[in-house]
Amino acid sequence: MTTKPKLRESLTAARRPISITAVVDCVGALASHSVHGHLYLYDTNKAGGSTGFGTEELRTKVRRGDQLLWNVLALECEAFVSIDDIVIDRAVVEPERRTYPGTDVAYWIGTVKRDDILEAPYRIKFRVGTRTEPVTTTLSPALFG
Amino acid sequence: MPQQLAVIVLVDVGNALESRTLDGNTYLFDNMKLQGSENQGTGELVTAISGSYWSDGSQASEQVLNWLPYSLGSIPPTVPRGYEAERARQTDEQALTELDHLAATSGTSGTDAAAELSRIRQSAGRRVKTTRRTRGRLSGQKVLDVTGKVVSDGGTQAHSYPAPVITDIYGQAVDEKVIYPAEYGSPDLVTDGWYWSATVDTSRPGTYAYTMRIQLHQLVEQGGESLWEPVNLTCESKIRVTTEPKRNAFTKAGLGLLPVPPRAFS
Amino acid sequence: MNPKVNIVVVVDVIGALSDGTLLNGNLCMIDDGEQSTGQGTPELCTVVRPGQVVTWSALAVDLQTPVEIKGITFLGADAEDGDADAEATDAGAGAGAGADGRNGQSGQNGRGGRNGHGPERHNPELEVWSGVVPQLAPGVAHQYRLEVQMYEGEHSTLHIASPALMCQ
């Protein structure tokens with residue numbers, strides 16, 4: 001049997017940014033002025049060792065140079081939710097807010113600066129509905145090395 | 001008219017494609033937590049569907065279930081519909097403008113036309129080839145990365161996966177005629193305004209399983225061109241149907257006089 | 001005369017919870033009565049006749065958020081509910097005590113009926129807010145307090161006291 005050159009090459013080789021997605025039950029959060037019990041966190045680095053999927057205490061496994069991208073999804077498709085701020089040790093990562101080109105839909109992005117992260121907990125501040133006051137996570141998700 | 005019931009199917013597309021399974025890579029949610037849905041945000045969601053009937057036994061309300069598939073870590077569904085197509089058009093226009101500018105200035109000294117062309121090619125990105133199998137919602141679009149930038153080389157650059165597509169809903173709940181699923185078009189005609197919806201017969205309480213056939217798309221390179229290769233996987237979920245009699249909220253029993261405090265007749 | 005009148009309470013749940021009020025256009029009421037006033041506002045005054053069946057139902061603007069009527073309590077002439085304004089003054093006195101009594105009772109019933117069911121799951125659709133119009137003093141707007149629950153939580157319940165039933 002001859003070894004043919006691979007005709008089709010799967011294009012997943014590139015090192016993908018790690019996306020961290022917060023799913024927020026907006027009505028629940030608005031009815032209680034808290035995201036506790038109304039927040040589910042996920043990332044795309046399960047294979048890399050992240051844990052706590054679907055909880056408020058997601059632990060994302062990171063390495064120096066990893067690009068992290070935070071975004072948010074509303075459980076009710078017509079509700080508005082956005083990330084207002086990400087409060088984390090700036091020596092680990094400095095997330096900044098950007099928008100998808102041509103839209104006002106925002107995401108937060110940053111590059112991991114260090115390799116030896118034991119545990120870098122952080123807080124996410126959300127803007128929900130038309131409420132002007134942001135709602136902050138009560139339990140802390142974290143990055144770890 | 002009852003609340004519309006929605007099931008969100010959030011798929012870790014990258015991981016699912018790599019492991020060729022939706023098990024452990026699918027997270028399900030619904031908006032029936034108060035009615036008793038269990039295991040929100042996991043692959044083991046049990047969706048509570050609360051029916052009701054009148055005193056004569058007839059079904060009192062029709063429950064409608066909708067499914068919304070999303071891709072974890074991709075460009076979010078909150079960007080306008082047809083975002084990939086729109087970005088393809090925008091970046092084409094930008095490239096044309098830049099080419100015009102390049103043509104006008106290429107005679108002048110200090111312009112590296114080759115370098116400039118290469119830069120324009122990079123920012124114009126790459127269109128996905130249309131094939132018989134990929135014709136439709138993904139054809140002619142460009143590959144975007146997770147920040148919405150066009151990708152010029154799918155081989156080395158990370159890209160955003162298109163949203164998963166439900167192609168069928170079948171299994172016990174359908175076989176036993178508890179749910180009647182079908183695909184519908186939404187009033188949004190721009191591109192992918194299609195969704196799966198089902199009415200539920202709440203007259204037979206019980207827990208019923210159903211299976212979703214979900215199509216993911218993997219970017220592959222063939223003969224120097226990129227194309228989205230469909231990958232079909234399945235994922236199971238459950239509904240738990242309950243039904244109870246309607247009751248009067250004022251009397252907690254049958255119909256009665258409204259409790260209006262008496263006032264003096266003038 | 002139509003034997004039935006339907007009153008629909010339409011709520012922008014996200015708006016109401018965000019603002020913490022059912023005002024600001026977050027709630028509107030409509031009915032299919034023939035001579036009602038204030039259609040499309042929280043001041044709906046439904047004109048009814050004794051013997052007619054009135055049915056209230058709630059609907060979320062976006063259809064996907066949970067909203068239900070938690071209570072409907074008719075206010076007495078000198079209703080203590082702070083939200084009941086002006087109108088309460090033009091009716092005769094003496095009904096106050098009775099009104100308060102019913103007020104509290106109906107509120108308790110609402111809660112007891114729900115919690116008393118033990119493991120039974122909450123299904124707002126089971127409650128039918130419906131009743132027969134009794135003999136009412138004509139020309140008097142009988143205001144009621146309408147309590148709306150959106151999801152659950154400390155800030156999930158809001159009310160208005162501006163709608164009314166009136167016999168001519």
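Strands are DSSP runs of E with at least two residues, numbered from the N terminus. In this predicted model, B:Lys252 lies in the segment that follows strand β10 (247-248) of chain B. The phi angle of B:Lys252 is near 60°, a positive value in a residue other than glycine. B:Lys252 has 14 other C-beta atoms within 10 Å and is therefore partly exposed. A positive phi is also found at B:Lys177, again a residue other than glycine, with a value near 55°. B:Lys177 is placed in the loop between α4 (172-175) and β6 of chain B. This residue counts as exposed because it has 9 C-beta neighbours inside 10 Å.

Chain B contains an open sheet of 5 strands in the order β2-β1-β4-β7-β6, with mixed pairing. Strands β2 (26-30) and β6 (179-185) of chain B each have a single partner strand and stand at the edges, so one side of each is left without a neighbour in the sheet. From one strand to the next, the twist averages 25°. Strand β1 (residues 5-11) of chain B runs antiparallel to β2(B), and 5 bridges join the two. Within this pair, B:Val7 has B:Asp30 of β2(B) as its bridge partner.

The largest nonpolar core has 139 residues, and those with the most contacts inside it include A:Cys26, C:Val148 and C:Met150. The element that gives the most to this core is β1(B), with 7 residues. In chain B, domain 1 (5-74 + 161-245) and domain 2 (81-158) each supply at least three residues to this core. Contacts of A:Cys26, not counting residues up to four places away in sequence, include A:Ala74, A:Leu75, A:Val128 and C:Ile14.

How values were computed. Residues are numbered from 1 along each chain as its sequence is written. Chains are lettered from A and ligands numbered from 1 in the order in which they are written. This is a predicted model: local features need pLDDT of at least 70, side-chain atom pairs count only at pLDDT 80 or more; totals for chains, interfaces and linings use all residues. Two strands pair if DSSP finds at least two bridges between them. Helices (H or I, at least four residues) and strands (E, at least two) are DSSP runs, numbered from the N terminus. Axes are lines fitted to C-alpha atoms, for helices over the stretch in contact, and angles run from 0 to 180 degrees between N-to-C directions. A nonpolar core is a set of buried Ala, Val, Leu, Ile, Met, Phe, Trp, Tyr and Cys residues joined through C-beta atoms within 7 Å. A residue is buried if 20 or more other C-beta atoms lie within 10 Å of its own, exposed if 12 or fewer, and partly exposed in between; C-beta atoms are placed from the backbone. Domain bounds come from an automatic or database domain assignment. Two residues are in contact if their C-beta atoms, placed from the backbone, lie within 7 Å.
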